[in-house]
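Me: I have a model open and want to learn how to read its features. Can you take me through them one at a time?

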Amino acid sequence: QEPFVADEYIERLAWRTPGGGSRGGEAFDPKRLLEEFVNHIQELQVMDERIQRKVEKLEQQCQKEAKEFAKKVQELQKSNQVAFQHFQELDEHISYVATKVCHLGDQLEGVNTPRQRAVEAQKLMKYFNEFLDGELKSDVFTNSEKVDKYADIIQKLHLIAQELPFDRFSEVKSKIASKYHDLECQLIQEFTSAQRRGEISRMREVAAVLLHFKGYSHCVDVYIKQCQEGAFLRNDVFEDAAILCQRVNKQVGEVFSNPETVLAKLIQNIFEVKLQGYVKDQLEEHRKSDAEQYLKNLYDLYTRTTNLSSKLMEFNLGTDKQTFLSKLIKSIFISYLENYIEVEIGYLKSRSAMILQRYYDSKNHQKRSIGTGGIQDLKERIRQRTNLPLGPSIDTHGETFLSQEVVVNLLQETKQAFERCHRLSDPSDLPKNAFRIFSMLVEFLCTEHIDYALETGLAGIPSSDSKNANLYFLDVVHQANTIFHLFDKQFNDHLMPLISSSPKLSECLQKKKDIIEQMEVKLDMGIDRTLNCMIGQMKHILAAEQKKTDFKPEDENNVLIQYTNACVKVCGYVRKQVEKIRNSMDGKNVDTVLMELGVRFHRLIYEHLQQYSYSCMGGMLAICDVAEYRKCAKDFKITLVLQLFDTLHALCNLLVVAPDNLKQVCSGEQLANLDKNILHSFVQLRVDYRSARLARHFS
């Protein structure tokens, strides 16, 4: 038996044999074990021979059965081939019979159809005779349960009567027409009653009968009218319309054979009656009296109507439902959309003007007229080229005349105008309309507000020689910068999507570029004049606080101060202005302005120091002053400015160095590249310069 392991089999045989234990010992008998093995081998040989004979017998039997099976399969194949031939013959016979039957059927139909028509014509003639006699006796005319068959007969008789000459058959034609009309009214009444009872099957039956009548359209009208009864009870007519169409869409296919036509007619009725009336009531109330409310209502109603149209797109309304719904929307709003942009621009103009006027009124400010024309243009060109203040300076009392609240209001109004423009404008007019709205924003935000504030700020900058001047133009710069970021954001977020694929894009970008350049010129001009005023203030401080005795004290051995009072006040003033510039600007503009201020500050100190003579102790004090100025210059965080003050500090060393060391100091790293005239000008400031010894050493 499987699994067979020879070693285990022999081991078990040895254990069963007396004296045959594999471990040996006193009871171990090898002869007996050998004898048992020999006997067992003989038994296995006998068993093997017996099994082999049995296998051979089974193989012979299997071969015999295989031959018999193959013979049987061949016989079955022959019989199957015979059956297939019989089947083909039968199939051909059936096809022949079927052809004969079809031919016979066609012949019978050819005979039966005229016969049926003749029978039908005979019946119609019989019914027609009853109308001629004036007495309707047939059961179909008197039995109310056969109204469907009655309707079919009347409809056919009505068609026949229309072909008959009026002079001979006028009376019978009028009778048939009367019955036709009465039956039509009866069927419509029956349909109406069934609809009120909610009997869908009866409605379907009556609608099928009326399908061939002229009054079928009236049946549809009745259905549409009754569907709307009680459907518009809430305030939201659009939601009511959507729910009604959803409900009718499920029912109309069970009643009418052309459900898409009926549903389209219902939707058309809703749009042309309910929605058009509702829209007119909402818009006409404010059309002439309140432009803001009119535009809000127009946008809201148009949006809700298009949303309703999107919901209705899921229904089967025929082949081109998109065009169908678009025409319905256009029919409602066309009279309002034709002049929409004119209303929008008019409202935006008046609203923007009111926002600005309200702001200036709150400041008790009468807006100055910024002149135009030849003289003003000439002044502007002179001012741009010379940076001279033309006209008297105006005291603005610290007011920038810029308001973020005003800007937010203007941008919000324009944002809403862009949204309305996107929704209400025809696609072909959208870029043009958006550009007009953008032009309004530029006019009121950029020109009337920002540009006016810049002009007023420029006029408010005092002259550079004014004492204790208050400099507010940097506040104007700060606010103008913030406002323009908001303006630019709206340009990108709300205008660009409307004009991105039209020729108006380049026009808008150019207009924006022009307004930016115009403002940058005035900002640069104002900043430059403000820096001049700062330098002027420093000059006043130095002139008032710096004494000649500061650098040539009477008692050289009794100097107790580290730096002069003028230096302290100038450094304090400069640090305030640096902080103000950092708070007023951003990006690279900060570094640009600070570098310009630093260079002018250095020039001022350089020229200021050259106005005095310096004793040894005075020179030390000048070096201390310049060291303090250099410390102040570090706040600029501008490399060039710091280098200038480092060089100035090195130049001041020439005021105190011993005459023998002058040449060595002048050839030092910081002074080696300077012009000799500059070095000489500083050496000349020493009180001992005229001594022959000093002049000799420097020559």
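Me: How many salt bridges does a search of the whole structure find?

Reply: The search finds 29 salt bridges. Keep in mind that this is a predicted model. To read a salt bridge, look at the closest N and O atoms. In the pair Glu344 and Arg420 they are 2.8 Å apart. Then ask where the partners sit. Glu344 belongs to helix H12 (residues 340–362) and Arg420 to helix H14 (residues 404–424), so the bridge ties together parts that lie 76 residues apart in sequence.

Me: Are Glu344 and Arg420 buried or exposed?

Reply: Both are buried. The cut-off for that word is under 20% relative accessible area.

Me: Which residue forms a salt bridge with Lys522, and how far apart are the closest N and O atoms?

Reply: The partner is Asp451, with the closest N and O atoms 2.8 Å apart. This pair also links distant parts of the chain: Lys522 is in helix H17 and Asp451 in helix H15 (residues 430–460), 71 residues apart. Both Lys522 and Asp451 are buried.

Me: Which residue forms a salt bridge with Lys432?

Reply: Asp429 does, and the closest N and O atoms are 3.7 Å apart. Now check the exposure of each partner. Lys432 has a relative accessible area of 44%, so it counts as partly exposed. Asp429 is partly exposed too, at 29%.

Me: Which residues are linked in a network of salt bridges?

Reply: Five names to select: Glu190, Arg197, Glu199, Arg202 and Glu205.

Me: Let's turn to the surface. Which residues gather in a patch of negative charge?

Reply: Select Asp514, Glu517, Glu520 and Asp524. A patch member needs over 30% relative accessible area and no salt bridge. Take Asp514, in helix H17 (residues 504–545). Its relative accessible area is 38%, so it is partly exposed.

Me: Which residues make the nonpolar surface patch?

Reply: Leu44, Met47, Ile51 and Val55 make a patch of about 310 Å². Met47 is partly exposed, at 40% relative accessibility.

Me: Now zoom out. How many helices and strands are there in the protein?

Reply: The protein has 24 helices and zero strands. Buried residues make up 38% of the 699 residues. Then read the contacts by sequence separation. Among contacts with a separation of 6 or more, 75% join residues 24 or more positions apart.

Me: What share of the accessible surface belongs to carbon and sulfur atoms?

Reply: The share is 51%, out of a total of about 41,600 Å².

Methods: Residues numbered from 1 in each chain as written. Predicted model: local features only at pLDDT ≥ 70, side-chain atom pairs only at ≥ 80, totals over all residues. Heavy atoms only, no water. Helix = DSSP H or I, 4+ residues; strand = E, 2+ residues; numbered from the N terminus. Buried < 20%, exposed > 50% of the residue type's maximum accessible area, 1.4 Å probe, protein only. Contact = heavy atoms within 4.5 Å. Areas by Shrake-Rupley, 256 points an atom, 1.4 Å probe, with all protein chains shown as cover. Patch = residues over 30% accessible without salt bridge, like charges linked within 9 Å, V, L, I, M, F, W, Y side chains within 5 Å. Salt bridge = Lys/Arg side-chain N within 4 Å of Asp/Glu carboxyl O. Lys, Arg positive; Asp, Glu negative; His and termini not counted. Charge placed at Lys NZ, Arg CZ, Asp CG, Glu CD.
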